[in-house]
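Dear colleague,

Please find below the structure for your review. My notes on it follow directly after.

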Amino acid sequence: MKIICIGRNYVEHAKELKNPLPKNPVFFLKPETALLTDNQPFPYPSFSRDVHYETELVLKISQTGKSIPESVACDYFDRIGLGIDFTARDLQQKCKEKGLPWEIAKGFDHSAPVSKVFLAKSSFPDLNNIRFHLLLNGKKVQEGNARDMIFSFETIIAYISKFITLTPGDLIFTGTPAGVGPVKAGDRLEGYIEDKPMISCQVT
Ligand code: MG
C-alpha cells in the first residue's frame with residue numbers, strides 16, 4: 001500500500017505557511033513505514049526540533065483505478081478515517097528554500113498515524129460537509145470541514161490517478177486546515193470526526 005498526501009488544500013492553511021494557492025492539487029508520498037496504527041505513541045525524531053501536527057481526513061481506496069474520471073471517483077474509496085501528517089517543519093523549510101523534495105520532512109518513520117477505525121463512507125450524509133478537529137492536551141487547535149477544501153475528494157482521486165495507479169488499501173491524506181503547530185514529548189493529540197473520537201496519539 002501507499003500513502004499519498006495532499007498539500008495546501010485549505011486556503012487558510014496555505015496562507016498561514018505563506019504558500020501560494022495551487023492551481024492543481026499538490027501531492028507527495030509517504031512510505032508504508034511511516035504508518036502508525038492502533039493509537040501507538042509517536043516517538044519524537046532526533047533529527048528535528050520543530051515537528052508539527054497536521055490533522056487530516058483520510059480516504060481508504062477500495063478498488064484499483066488508473067485515470068479515474070471525477071464523475072465516478074467516489075466509487076474508488078469506501079471508508080474515511082482521520083490521520084496526522086507529522087511534518088518536520090524545520091527540515092521542510094530548508095528543502096523548500098533549496099527547491100528540494102520533502103521526503104525527509106514528511107516521510108520519516110511513524111510520521112503518518114491513522115485512526116484505528118475508518119468510518120463507512122455510507123455513514124456520512126454529505127461527503128462535502130464533514131467536520132473534524134484536533135485537541136492538543138485537551139485544547140482545540142485545529143478545526144476543519146471538508147467543504148472548505150480547495151480540491152474535492154473526487155478531484156484529488158482523479159488527479160492522483162492520472163499519474164499513479166491507486167490500489168485497494170492505499171490511503172489519501174486530504175490536506176490540513178489552519179492551526180498547525182509544534183508538538184513536544186509528553187503532548188497528547190486527540191482527533192475527532194464530527195464528535196466521534198477517532199485517534200489518540202501520545203508524543204514520547
Ligand atoms: Mg498535510
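In which strand is Phe-132 found? Phe-132 is found in strand E10, residues 131-136; strands (E, at least two residues) and helices (H or I, at least four) are DSSP runs numbered from the N terminus.

Before the remaining findings, two notes on the source. This is a predicted model, in which local features need pLDDT of at least 70 and side-chain atom pairs count only at pLDDT 80 or more, while totals for chains, interfaces and linings use all residues. Residues are numbered from 1 along each chain as its sequence is written, and side-chain values use heavy atoms, with hydrogens and water left out.

Metal site

The magnesium ion is coordinated by Glu-54 (OE), Glu-56 (OE) and Asp-85 (OD), at 2.0 to 2.1 Å. Donors are N, O and S atoms within 2.8 Å of the metal (3.2 Å for Na, K and Ca); water is not among the atoms, so the site may look incomplete. Along the chain, the donors follow the spacing E-x1-E-x28-D. Glu-56 lies in strand E5 (residues 55-61) and Asp-85 in the loop between strand E6 (77-84) and strand E7 (87-88), so this pair ties together parts that are 29 residues apart in sequence. Both Glu-56 and Asp-85 are buried, where buried means under 20% relative accessible area, exposed over 50%, and partly exposed in between (1.4 Å probe, protein chains only).

Phe-132 is buried as well, with a relative accessible area of 1%.

Cavity

Strand E1 (3-7) and helix H2 (89-98) each supply at least two residues of the lining, and the largest share, three residues, comes from H2. By class, the lining has four nonpolar, six polar and seven charged residues. Here Ala, Val, Leu, Ile, Met, Phe, Trp, Tyr, Cys and Pro count as nonpolar, Asp, Glu, Lys and Arg as charged, and the others, Gly among them, as polar.

Cysteines

How many disulfides does the count come to? The count is zero, a disulfide being a pair of cysteine sulfur atoms within 2.5 Å. For Cys-74, the closest cysteine sulfur is that of Cys-5, at 19 Å, which is too far for a bond. The sulfur of Cys-95 also has Cys-5 as its closest partner, at 15 Å, again too far for a bond. Cys-74 counts as buried at 18% relative accessibility, and Cys-95 does so at 5%.

Other buried positions

Ser-115 is found in the loop between strand E8 (112-113) and strand E9 (119-120), and is buried with a relative accessible area of 3%. The side chain of Ser-115 reaches the backbone oxygen of Val-117 at 2.8 Å.

Val-203 lies in the segment after strand E15 (196-202) and counts as buried at 1% relative accessibility.

With kind regards

How values were computed. Polar contact = N/O pair within 3.5 Å; in protein donor to acceptor, adjacent residues only side chain to side chain.
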